[in-house]
Amino acid sequence: MTGESLALYVHWPFCVSKCPYCDFNSHVRATIDQEAWRDALLADLAHEARLLPGRTLISIFFGGGTPSLMDPATVEAVIDAAHRHWAADDKIEITLEANPNSVEAARFADLAAAGVNRVSLGLQSFDDRSLAFLGRAHSAREGFAALATAQKNFRRVSFDLIYALPGDDEDNWSMTLAQALSLGVDHLSLYQLTIEPGTRFASMVARHAFEPLDTDAAAALFELTDAMTSDAGMPAYEISNHARRGQESRHNLTYWRYGDYAGIGPGAHGRRLGGRTVRHKKPENFMSALSRNGHGIAEEAPLSAIEAADEALVMGLRLREGVDVHAIAERFGLPSIVDWDRVERLVGSGHMSRKGARIALTARGRLLLDHILGEIVAVEEPRALAVG
Ligand code: SF4
């Protein structure tokens, strides 16, 4: 590799319908002008490329929304342009998030030909009743068929499942997880259902339409997940992400290891040159900003050393490998970023581990990530950036 490494995130903001648990930047529109969106993404990309010359591109991630609804020619145009702007690493990882319905699966061969080499499938469940509860447009049968098509077309395939739904217990989740582990993928994203403010589920819970699973039961399922995936050789390398060695998402590792990434498309976050960028979220506002300014940026701000170090800690502690506290402090010119007495107490209580300056959360600690961060951060400042 030559220049400093860079990851590229591309946000496609459209979905066919809005899932009731979703707080992502996704929008439903009757028609989408693929050509106008291709030109917009290319212009937004060119803006980032002008600011980041000489980098080596290690990954591209098409997220959403539902990027499998993109015209494969649009995907190809973005990949080709990125290769013109930057030198690509030999092992460049190009991931696209896909919904597992037959229409989208039919595009997998074209997406592979466009340069996508990894797909992340939103299966979410193997059970039709759970899929209906989650408001998903596909059936379990369609999900399995899409997975088989994905495995035929892409070298690397991951899928997502959502667990800790109302009524889930160790018996049904262990059966689902055993099935997931038998399907021949090397990466799994396993998310607990959380009720996010502003979602349809949040209003349903407020009017007692259903009760979320209680936290003790959800914690038991998290521990079961940790044990079963570790036994199967796919341990968590991040709170919700599991992989065989070497099959971790390179793109997401850039976020968590606090590398630079350019983020283009509506609502995309980016981190580059010591600052953060946020694009306009609403597709129409993004498009107007783009024609006004030649880019879709809504906010751009430098990060103070304390903000950046705090973010690096927050991101890094999501990883099983944890963080080197001295390396972060040195990178941002700070004397110290954690309260070591509190770290030692959490090591004593089994929530953290420490090897020299490297600290990490144990499986027990990962359940309490937010609480632990509040305890150990040495200097409090508002967190400027959250990346999911
Ligand atoms: S498909 Fe994904 S992004 Fe779109 S509404 Fe559902 S959860 Fe949100």
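One term before we click: a residue is called buried when its relative accessible area is under 20%, exposed when that area is over 50%, and partly exposed in between, using a 1.4 Å probe and protein chains only. What you have on screen is a predicted model, where local features need pLDDT of at least 70 and side-chain atom pairs count only at pLDDT 80 or more, while totals for chains, interfaces and linings use all residues. Residues are numbered from 1 along each chain as its sequence is written, and side-chain values use heavy atoms, with hydrogens and water left out.

**Stop 1: His187**

Select His187. Is His187 buried or exposed? With a relative accessible area of 3%, His187 is buried. His187 sits in strand 6; helices (H or I, at least four residues) and strands (E, at least two) are DSSP runs, numbered from the N terminus.

Now show side chains. The His187 side chain makes a polar contact with the side chain of Tyr237 at 2.7 Å, and another with the side chain of Ser158 at 2.8 Å. A polar contact is a pair of N or O atoms within 3.5 Å; within protein, one must be able to donate a hydrogen and the other to accept it, and residues adjacent in sequence count only if both atoms are side-chain atoms. Setting aside neighbours within four places in sequence, His187 is in contact (heavy atoms within 4.5 Å) with residues including Arg118, Phe159, Met234 and His242.

**Stop 2: Phe159 and the cores**

Hop to Phe159. Not counting residues up to four places away in sequence, Phe159 touches His187, and also, among others, Leu121, Phe126, Leu147 and Val185. Phe159 is one of the residues with the most contacts inside the largest nonpolar core, which has 101 residues; Leu8, Ile60, Phe62 and Leu317 are listed with it. Apart from that core lies another, of nine residues, among them Cys19, Tyr21, Leu165 and Phe210. Here a nonpolar core is a set of buried Ala, Val, Leu, Ile, Met, Phe, Trp, Tyr and Cys residues joined through side-chain atoms within 4.5 Å. In soluble globular proteins, nonpolar side chains tend to be buried together.

**Stop 3: helix 9**

Select residues 215-231, which make up helix 9.

After helix 9 comes Gly233, with a positive phi near 80 degrees. The buried residues of helix 9 include Ala218, Leu221, Phe222 and Met228. The partners that the buried residues pack against include strand 5 (156-163), helix 7 (170-181) and strand 6 (187-192).

**Stop 4: the ligand**

Click the ligand. Which residues surround the ligand? Among them are Cys15, Lys18, Cys19, Tyr21, Asn99 and Arg136, where being near means having a heavy atom within 4 Å. The shell divides into five nonpolar, five polar and two charged residues. For that count, Ala, Val, Leu, Ile, Met, Phe, Trp, Tyr, Cys and Pro are nonpolar, Asp, Glu, Lys and Arg are charged, and the others, Gly among them, are polar.

Zoom in on Gly65, another residue around the ligand. The peptide bond from Gly64 to Gly65 is cis, with omega near 20 degrees. Gly65 is in the loop between strand 2 (56-64) and helix 2 (72-85).

**Stop 5: Arg279**

Next, pick Arg279 in strand 11 (residues 275-279). Arg279 is buried, at 1% relative accessible area. Its side chain makes a polar contact with the Glu48 side chain (2.9 Å), and the Arg279 side chain also reaches the backbone oxygen of Gly263 at 3.3 Å.

**Stop 6: a few loops**

Start with Ala164, in the loop between strand 5 and helix 7. Its phi is near 65 degrees, a positive value in a residue other than glycine, and Ala164 counts as buried at 5% relative accessibility.

Finish at Gly333, in the loop between helix 13 (325-331) and helix 14 (340-348). Gly333 is exposed, with a relative accessible area of 62%. Draw a C-alpha to C-alpha line from Gly333 to Leu373: these two are 40 residues apart in sequence and 21 Å apart in space.

Note on methods: The expected span of a helix is 1.5 Å times one less than its number of residues.
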